[in-house]
Amino acid sequence: MVRLLVHTYSKMLLLFFCTFRKCDVISRGFSGYNTKWCKIILPEILKEFDPEDIAMATIFLGANDSNLPENKTQHVPLPDYKQDLKDMVDMMMVTSDHLC
């Protein structure tokens with residue numbers, strides 16, 4: 001279901017942007033990752049792109065973070081999850097200061 005949603009969302013964006021202007025939609029997925037791990041790899045992912053070429057970005061995380069606390073591998077407490085998302089958005093904004 002999640003994979004279908006991501007691919008459907010990516011296709012929707014592709015159709016929307018292709019109607020109005022030329023763009024590439026790049027869909028990245030990291031199975032099993034939580035916000036703590038994605039926050040670590042995000043700078044390397046951003047290095048792959050010219051900041052001027054980024055028109056829009058989305059972050060879909062939370063399913064693994066919301067595991068029960070007994071699952072210490074993936075669970076991320078809610079305050080940490082919120083901060084991790086804020087940190088990732090800040091990283092993206094610094095990288096691409098033209099994004100809103």
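Mentor: What follows goes from the chain as a whole to one group of charged side chains, and ends with a nonpolar patch.

The model is a predicted one. Its chain has three helices and zero strands, and the order from the N terminus is α-α-α. Of the 100 residues in the chain, 21% are buried. The chain exposes about 7600 Å², with 62% of that area supplied by carbon and sulfur atoms. Among contacts between residues at least 6 apart in sequence, 63% join residues at least 24 apart.

Now the salt bridges. The whole structure has six of them. One of these pairs Asp 84 with Lys 36, with 3.5 Å between the closest N and O atoms. Asp 84 sits in helix α3 (residues 78-95) and Lys 36 in helix α2, so that this pair links distant parts of the chain, 48 residues apart.

Asp 84 has a relative accessibility of 2% and counts as buried, because the cut-off for buried is under 20%. Lys 36, at a relative accessible area of 35%, is partly exposed.

Asp 84 also meets the side chain of Lys 39 in a salt bridge, at 3.2 Å from N to O. Here Asp 84 belongs to helix α3 and Lys 39 to helix α2, so the pair ties together parts that lie 45 residues apart in sequence. Lys 39 is partly exposed, with a relative accessible area of 25%.

Lys 39 in turn forms a salt bridge with Asp 87, where the closest N and O atoms are 3.0 Å apart. This pair again links distant parts of the chain, with Lys 39 in helix α2 and Asp 87 in helix α3, 48 residues apart. Asp 87 has a relative accessible area of 21% and is therefore partly exposed, since buried requires a value under 20%.

Through shared partners, salt bridges join Lys 36, Lys 39, Asp 80, Asp 84 and Asp 87 into one network.

Helix α2, which holds Lys 39, spans residues 35-46 and also contains Ile 40. Ile 40 has a relative accessible area of 64% and is exposed. Together with Phe 30, Tyr 33 and Trp 37, Ile 40 forms a nonpolar patch on the surface, and the four have about 370 Å² of accessible area together.

Definitions and conventions. Residues are numbered from 1 along each chain as its sequence is written. This is a predicted model: local features need pLDDT of at least 70, side-chain atom pairs count only at pLDDT 80 or more; totals for chains, interfaces and linings use all residues. Side-chain values use heavy atoms; hydrogens and water are left out. Patches are made of residues with over 30% relative accessible area and no salt bridge: like charges are joined within 9 Å, nonpolar side chains (Val, Leu, Ile, Met, Phe, Trp, Tyr) within 5 Å. Accessible areas come from the Shrake-Rupley method with a 1.4 Å probe; for residues, only the protein chains shown count as cover. Helices (H or I, at least four residues) and strands (E, at least two) are DSSP runs, numbered from the N terminus. Buried means under 20% relative accessible area, exposed over 50%, partly exposed in between (1.4 Å probe, protein chains only). Contact means heavy atoms within 4.5 Å.
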